[in-house]
Amino acid sequence: MARRKVDVLLLERAELGSQSTGKCAGGVRQQFSNEPNVRLQRMSVGMLERFEEEVGHPADFRQIGYLFLLTQPEQVEDFRKNLEMWHRVGLADARWVNPDEASRMVPVLNVEDVLGCTFCPTDGIASPADVTAGYAAAARRLGARLQEGVEVLGIDVADGRVQGVRTSRGDVATRLVFNCAGPWAASIGRMAGLEVPVLPFRRHIAVTDTFPAVSRTTPMTVDFHTSFYFHPEGDGVLLGMSDRDEGPGYSTDVDWDFLERMFETAAARAPALASAGMKTAWAGLYESTPDHQAILGPLPEVEGLWCAAGYSGHGFMQAPAAALLLTQLLLDKSSEIDISPFGFERFARGGLVREKNVI
């Protein structure tokens, strides 16, 4: 927006990148079940490939690929259909991988129960810290004001239109507010009298000590049934998994009992990881919607209120394209990729199409 000469004020309650962004695994993938997500993510990958050239800061985007391990017949059927769709929309380098090839790609894997896999070499991992710092510095150079330690306390609405926001440092008059509050997006929505269907869910990550059995070129590997995943991180390995039995909440305390279960799952899928020592662990928040897809665009009930939230675990990877497309929609009244499937109105219409490829 700053590049398009918009007067931008960003209000951050804590520090930039200190919440979900700074605690995420840094994954960047295009292998989604819904076509709009694939199209959005293909654009994001291109932007991350050009990030240093366009933004002036490295993103540490390493295209080591994503390898999805499928262990159930229905998963194989779904991903075979996905693969056809991926090729149709231009994701030509995504391909099917048999268990033997997967074992050669990732030698630590136990593939006894694996029926098939998909792999996309242009997927990978990027640095959340570098991407955040790069965007923040570029925005400031272009005149945007980014204020940290400022909490939004209320949104003033009159005659169905945004008039301003109330903050811990005073009032700001504005006719346009973007709700980019991630797991707290519902709270911001309620300030304007709207229910934005975003719930927070805790997710855990651990990083091992030095572990040479997983090389720096090992792909991000996802055991789709259990949601367990791992990728190289420095000279160790980053591990993550969802606790599907845990309800919504804002706790980011580490549940050490759950981490023990995660390491048991890790040892079953990659037996060599049983000997890995844990260097550190943390928890952060996913921002989930009922269909596991982002809410992008204006909220028609309140003129001037827009949303860019609810990414359901895909916010870091989808943010570059989402920001560009929302800017186009705001200023040009249309965007080069149709983002209407992510519109807020879909919840009132019903018939939601759930994104299935959620970790």
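The model is predicted: local features need pLDDT of at least 70, side-chain atom pairs count only at pLDDT 80 or more, and totals for chains, interfaces and linings use all residues. Residues are numbered from 1 along each chain as its sequence is written, and side-chain values use heavy atoms, with hydrogens and water left out. Helices (H or I, at least four residues) and strands (E, at least two) are DSSP runs, numbered from the N terminus.

**Nonpolar cores**

- A nonpolar core is a set of buried Ala, Val, Leu, Ile, Met, Phe, Trp, Tyr and Cys residues joined through side-chain atoms within 4.5 Å; buried means under 20% relative accessible area, exposed over 50%, and partly exposed in between (1.4 Å probe, protein chains only).
- The largest such core holds 38 residues, and Val28, Phe68, Trp86 and Tyr229 have the most contacts inside it.
- Two or more residues of this core come from each of helix H2 (35-49), helix H3 (51-55), strand E3 (66-70), helix H4 (73-88), helix H6 (128-141), strand E12 (199-208), strand E13 (220-223) and helix H9 (315-332).
- H4 supplies the largest share of this core, five residues.
- Another core, of 28 residues, lies apart from it and includes Cys117, Phe119, Ala206 and Leu273.
- With contact meaning heavy atoms within 4.5 Å, and leaving aside residues up to four places away in sequence, Val28 touches residues including Gln41, Val45, Leu48, Phe316 and Met317.

**Helix H4**

- The 16 residues of H4 should span 22 Å at 1.5 Å a residue, and its end C-alpha atoms are 23 Å apart, which agrees; the expected span is 1.5 Å times one less than the number of residues.
- Buried residues in H4 are Gln75, Val76, Phe79, Asn82, Leu83, Met85 and Trp86.
- Their cover includes H2, E3, strand E4 (95-97) and strand E5 (116-120).

**Helix H6**

- For the 14 residues of H6, the span should be 20 Å at 1.5 Å a residue, and the end C-alpha atoms are 20 Å apart, in agreement.
- Pro128, Val131, Gly134, Ala136 and Ala138 are buried in H6.
- The buried residues of H6 pack against helix H1 (20-23), H2, H3, strand E7 (145-148) and H9.

**The contact of H2 with H9**

- The axes of H2 and H9 come within 7 Å and cross at roughly 95 degrees; axes are lines fitted to C-alpha atoms, for helices over the stretch in contact, and angles run from 0 to 180 degrees between N-to-C directions.
- H2 is therefore roughly perpendicular to H9, a term that covers angles of 65 to 115 degrees.
- Among the residues that meet are Leu40, Met43 and Met47 in H2, and Met317, Pro320 and Leu324 in H9.
- The residues of this contact divide into eleven nonpolar, four polar and no charged; Ala, Val, Leu, Ile, Met, Phe, Trp, Tyr, Cys and Pro count as nonpolar, Asp, Glu, Lys and Arg as charged, and the others, Gly among them, as polar.

**Two partly exposed residues**

- Ala158 lies in strand E8 (residues 152-158) and counts as partly exposed at 33% relative accessibility.
- Ala158 and Glu303 are 145 residues apart in sequence and 9.8 Å apart in space, C-alpha to C-alpha.
- Thr252 lies in the loop between strand E15 (236-241) and helix H8 (256-269) and is partly exposed, with a relative accessible area of 31%.
- The C-alpha atoms of Thr252 and Gly284 are separated by 5.5 Å, although these residues are 32 residues apart along the chain.

How values were computed:
Parallel < 35°, antiparallel > 145°, perpendicular 65-115°, else oblique.
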